[in-house]
Amino acid sequence: MTRATAAASTLPPPDKDLLSEQVFVRTFEQSNEGMLVTDSRNLIVAFNSALSRLSGYSPEELVGQNPRMLSSGRASPEFYAAMWQALDTQDYWEGEIWNKQKDGANYPRRLKISVLRNADGSIRNYVANYTDIAASHEVADRLAYLAYHDPLTNLPNRLAFESQLAQSLRSCAREGKQMALMLIDLDNFKNINDTLGHHVGDQLLQNVALRLRECVRASDLVARIGGDEFVVVLPDIESPLTAARVASKIQSNLADSYRIADHVLYATPSIGISLYPIDGGDPGTLLRNADTAMYHAKSAGRNNHQFYTARMNEAAGERLAMENELRQAIAAISPASSEFSLHFQPQIETVSGRVLGIEALLRWNNAKFGSVSPMRFITIAEETGLIQPLGDWVIWETCRLIRVMKQRGIAGIRVAINISAQQLRHENLLLLVRGALACYDLEPEDIELEVTESTAMENPEMTLSILDQLAAMGIVLAIDDFGTGYSSLAYLKHLPIKRLKLDRSFVKDIETDVNDAAICTATIALGHSLGLELVAEGVETEAQRDFLAGLGCDFLQGYLYSRPMPFDDTVAYLKAHLAAQRH
């Protein structure tokens with residue numbers, strides 16, 4: 001035995017408990033995974049620096065707290081009940097949980113909890129181990145995204161399209177709504193790919209995807225299902241003509257030139273449209289019928305859209321033709337000639353029978369379509385934005401004709417002009433009205449501006465601001481078609497209006513429908529309580545006149561007194577009326 005060996009043999013044996021404790025402390029502190037220890041009451045008594053880093057909390061903020069302070073709130077009570085049951089019965093639980101950091105951000109963690117017990121079986125501590133798995137979640141999310149999206153355009157791919165289309169069909173079936181499916185194929189795209197290369201073709205597809213998204217609502221589906229084929233799904237459409245309008249917008253946007261690298265390219269679309277439920281009730285049938293319609297569009301010369309049914313094609317074609325005629329007619333408006341004209345309908349004071357006002361009503365007589373109902377062309381004008389220039393012309397023309405009436409000896413007649421929602425939102429409305437009045441040397445009381453109830457409710461704050469400025473000019477303001485929207489007199493009392501026009505739909509059956517009679521009675525009484533004048537539209541019979549007069553309605557307007565008349569006839573009517581009053 002050497003001296004060294006003899007000396008070593010005289011050393012006391014190592015304290016195994018002390019070594020184990022030192023190893024545990026070192027492991028606890030140096031672990032890259034977050035660890036914490038709670039007492040039997042589940043209050044934090046120890047934690048390592050990794051947990052502090054993961055959570056963002058300082059030692060002072062953690063010690064003595066319940067670990068639930070780290071909870072994101074995403075887990076259900078049932079989740080925690082199952083966790084505590086496992087700890088009570090197995091002294092161990094492992095699973096995935098979302099934690100909330102001090103800054104409020106939520107992150108996924110892999111959590112392992114072990115129970116340490118005393119010799120008598122009572123709980124001494126809980127030891128929790130947190131592993132950051134955010135990176136793996138990001139990878140999983142990315143893989144899931146790629147599974148349902150086209151990597152080139154970032155649009156949903158065929159798999160996502162089929163899933164979302166099926167979901168939209170179930171919703172439409174449940175709620176009794178219509179839906180349109182458009183299949184879009186780019187004309188001559190193969191030539192671009194073959195002559196300029198796939199990198200140019202890819203950039204073109206990316207540009208097409210962006211333009212498609214700009215043409216539809218956020219709730220509509222746009223997907224690329226392969227090659228140069230795209231689909232657009234329009235759930236909850238009002239009518240097939242809605243699909244035609246969107247298809248026309250897509251044609252216009254996609255037909256504009258694309259500048260890619262040094263090339264100016266064109267990629268017009270051929271669009272096939274199928275409709276739910278008339279063209280099919282399942283995804284396969286709708287897509288197949290849209291494909292048939294798309295090939296019909298190609299055979300019809302490309303760069304157009306076709307419905308699966310011939311009847312819808314005919315209606316959509318007529319609507320598009322009417323829109324084109326309307327655009328040309330507006331562009332050709334001049335002082336010398338116009339397809340548009342104004343007719344006027346008198347408003348009669350109920351008590352005296354005098355004509356105190358007339359309403360200007362727009363008419364369109366087109367060479368191709370003849371006399372077109374305002375119900376048709378006003379809707380097209382509103383949908384296409386053409387109502388703005390058309391409405392501006394109405395204001396100017398009305399003011400011009402008022403000046404002519406004054407020159408012919410007719411004074412004291414106020415003319416009502418309808419204002420569209422787009423005009424009311426336009427920043428130039430006030431300047432336009434002031435300019436027209438000044439140009440024809442008119443006073444503000446010579447005109448009355450009417451806005452519909454739905455227009456007044458569309459943007460209450462903006463509406464109130466503009467109407468206040470018009471009222472400050474001295475212009476009488478009226479709410480048209482009252483009772484057909486969703487407003488209330490409680491709201492309308494805040495607007496600077498002087499008149500309510502009771503919609504003709506309530507006047508029509510006022511003698512036979514107790515509900516219409518009650519609505520008219522209540523509206524007139526409440527309107528008067530707010531200091532408003534009431535005008536009833538659509539008065540056609542003497543019985544209607546007598547009923548409304550009995551309710552105290554201030555003014556009456558309708559066929560009983562006169563149909564809307566051209567300007568010269570209106571002048572003659574007013575002169576005859578004034579002459580009769582003098583006698």
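Trainee: Are H14 and H23 parallel, perpendicular or oblique to each other?
Mentor: This is a predicted model, in which local features need pLDDT of at least 70 and side-chain atom pairs count only at pLDDT 80 or more, while totals for chains, interfaces and linings use all residues. Residues are numbered from 1 along each chain as its sequence is written, and side-chain values use heavy atoms, with hydrogens and water left out. The axes of helix H14 (residues 387-407) and helix H23 (residues 567-582), lines fitted to C-alpha atoms over the stretch in contact with angles running from 0 to 180 degrees between N-to-C directions, come within 11 Å and cross at roughly 40 degrees. Since angles under 35 degrees count as roughly parallel, over 145 as roughly antiparallel, 65 to 115 as roughly perpendicular and the rest as oblique, H14 and H23 are therefore oblique.

Trainee: In what order do the strands of the mixed sheet stand, and which strands are at its edges?
Mentor: Two strands pair if DSSP finds at least two bridges between them, and five strands form an open sheet with mixed pairing in the order S7-S8-S6-S11-S12. Because they have a single partner strand each, one side of each edge strand is left without a neighbour in the sheet, and these strands are S7 (221-226) and S12 (305-307).

Trainee: In which sense do S11 and S12 pair, and what is the bridge partner of Gly272?
Mentor: Strand S11 (residues 269-276) and S12 are joined over three bridges in the parallel sense. Within S12, the bridge partner of Gly272 is Gln306.

Trainee: Which helix packs on this sheet, and what angle does its direction make with that of S11?
Mentor: The helix is H11 (residues 283-299), which touches strand S6 (178-186), strand S8 (229-237), S11 and S12. The direction of H11 and that of S11 make an angle of about 145 degrees.

Trainee: What is found in the loops on either side of H11?
Mentor: The loop between S11 and H11 holds Pro277, and the peptide bond from Tyr276 to Pro277 is cis, with omega near 10 degrees. The loop between H11 and S12 holds Arg302, whose phi is near 65 degrees, a positive value in a residue other than glycine.

Trainee: Is Leu449 buried or exposed, and which residues does it touch?
Mentor: Leu449 is found in strand S17 (residues 447-452). The relative accessible area of Leu449 is 3%, and buried means under 20%, exposed over 50%, and partly exposed in between (1.4 Å probe, protein chains only), so Leu449 is buried. Leu449 lies 30 residues from Ile419 in sequence and 6.5 Å from it in space, C-alpha to C-alpha. Not counting residues up to four places away in sequence, Leu449 touches Ile417, Ile419, Val433, Leu470, Ile475, Val476, Leu477 and Ala478.

Trainee: In what order do the strands of the antiparallel sheet stand, and what is the bridge partner of Trp98?
Mentor: This open sheet of five strands has the order S2-S1-S5-S4-S3. S3 and strand S4 (residues 106-117) pair in the antiparallel sense over nine bridges, and in S4 the bridge partner of Trp98 is Pro108.

Conventions
Helix = DSSP H or I, 4+ residues; strand = E, 2+ residues; numbered from the N terminus. Contact = heavy atoms within 4.5 Å.
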